[in-house]
Amino acid sequence: MFAAEQQRELADRLTAFLSQYSRLSDSYIIEFFSKDHWHTLPNSWQPVLQDLTYEQVADLLLDATHRDRRYPSAWPLSLLAFRATAHALAFPRGQRPQRGGTARPEEFLENQSQSALLGHIFRKHVKPKKQHEIRRLGSLVKQICDQTDCSSVVDVGSGQGHLTRFLSFGLGLSVTAIEADRALVATATKFDKELMLALEKEQQKKNCSSLVTVSQPSPRHLAGWVNPKASWEAFIEQLSAAQCAPTPPAPTRKRLRGAEHAGPPSSHAVHTSTDSPDGQPTSQHRSGGDGSESSAACCRSRVHAAPQQVAGPKAGRPDFVLTGLHACGDLSATLLRHFIHCPHVRGITSVACCYMKITTEEDPSPPGLVEEAGAQPAARDAAPSGFGYPMSSWVGGLPGHRLSYKAREGACHAVEDYARRLRAGGQALRTHCYRAALETFIADARPDLRRAGIQTIKGAHLLPFAEYARLGLARVGLPPGLPLDPERVEAMLKQQGRVVVYFSLALLLAPVVETLVLLDRMIYLQEQGVDSQLVPLFDPIFSPRNLVLVALKSQSH
């Protein structure tokens, strides 16, 4: 956390720096040859950069933590200043030294697909990256709930419900999950049932009972699209639909075969706790009046539901914490507005992604923007805060604050991962050069098809260029046998090193653009009287969008 004046000064420096190098951040690497990007670089930069090895590009340009910099030739001061300023302006991302090229955190050293710090019931169906994220974000959300005295969480953009399950079953919170994709909601409900069954079986094994009672921890899943143009009251109405949904089935009782004559059981409470380091549900035994455990207590197990909160859409509704794990585009900005204006929201943890889908005054409908079918169009506010960026009045008033679609798209790229790939070397790095070379022939044949989207060609780097071009041309509707000048192709492919260097220079600006977007949100909160901080919560090599915006709000706000 830093002072409001420091935030505004940093925003001023960020916009000035990005404006100076907007040609670089706005350029498309596929147009490297067709737009002659290399010769747009300062003349003094070109000779010192063109012969760098891939490892030198990683060490001398991209890696802010690299200390033993050995330059093959003297670099111009303007290039050194560019690199130093880009690193200095970007928010710290919690970089770690790589061990033998591994891209995985220590929790995966023993088993690359299973986090050693997450209970096995929360690992099922969950990829390693998501395991890492839900464990760390879940623990942070629990801390925010404790600090705000909230037991309810709303998880927006919940997907298959992996974070929801960990918050509910693992940390004992009452969770409402909202997801626009009904298929994902159905999958989340299915996975909930699987987890409940696994818990029931575990309790049967741990206890000598013939009778096991399991109550649904009741995460509530709601299929719904959070309209960024709608009010917080409409958002609360959406949540009420989840509250009013049919209640989970009553506790089911199953008797183990051959144990019908077991004596009457007494209560044995099993609930979730954060005391368990691996995120497993932990057990607490309810003692008898004399302090000794009832002998019958071992004969029954019950998984307690997280506290149920029943309330209307407005009055009497319990306070809650908002969370969004990689909430796409304007969704993260929308949650921040609801946090500010809705009296029931006490805290927020926001992990953003897909910055290119953010709406701006210049680009109110960027490619990939998702709108609910049949939704009524609504005019955006005239103020800067009516769009996904800028949200704050301060940033909106700065000259040069505008960010192009390409600059925002570039901010989604993974600097640490690309540096790792550069150090590893290999043929995969030729893909950008292949695509840029192909773009020249596409632009010559059909200028209207420039920047046409070509879906990933599997194993492209292993193909001869002629075969890659044949597949790529067909995908944009051009004849696969379009004549290609062999000498021209050869001349372009020889410049693969330049393509990698240019891409790396543009990539160096990615964290700077992300910093401006997130800083704008911090300043927006500050303008509304709320302090916030950015936490580099995830391992940046493993989870590139690793910065979490955290803010708390008093009840009197």
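A: Happy to. Let's start with Ser504, which sits in helix H17 (residues 496–508); helices (H or I, at least four residues) and strands (E, at least two) are DSSP runs, numbered from the N terminus. This is a predicted model, in which local features need pLDDT of at least 70 and side-chain atom pairs count only at pLDDT 80 or more, while totals for chains, interfaces and linings use all residues. Residues are numbered from 1 along each chain as its sequence is written, and side-chain values use heavy atoms, with hydrogens and water left out.

Ser504 has a relative accessible area of 0%, so it counts as buried (under 20%; exposed is over 50% and partly exposed in between, with a 1.4 Å probe and protein chains only). Its side chain reaches the backbone oxygen of Val500 at 2.8 Å. Setting aside neighbours within four places in sequence, Ser504 is in contact (heavy atoms within 4.5 Å) with Val57, Leu61, Leu62, Tyr418 and Leu422.

Now for the strand. All nine residues of E9 (residues 345–353) are buried, so this strand is largely enclosed by the rest of the structure. Strand E8 (residues 320–328) pairs with E9 in the parallel sense over eight bridges (pairing takes at least two DSSP bridges), and Val321 stands opposite Gly347 in E9. E9 also runs antiparallel to strand E11 (residues 547–552), joined by five bridges, with Ser350 opposite Leu549 in E11.

How values were computed:
Polar contact = N/O pair within 3.5 Å; in protein donor to acceptor, adjacent residues only side chain to side chain.
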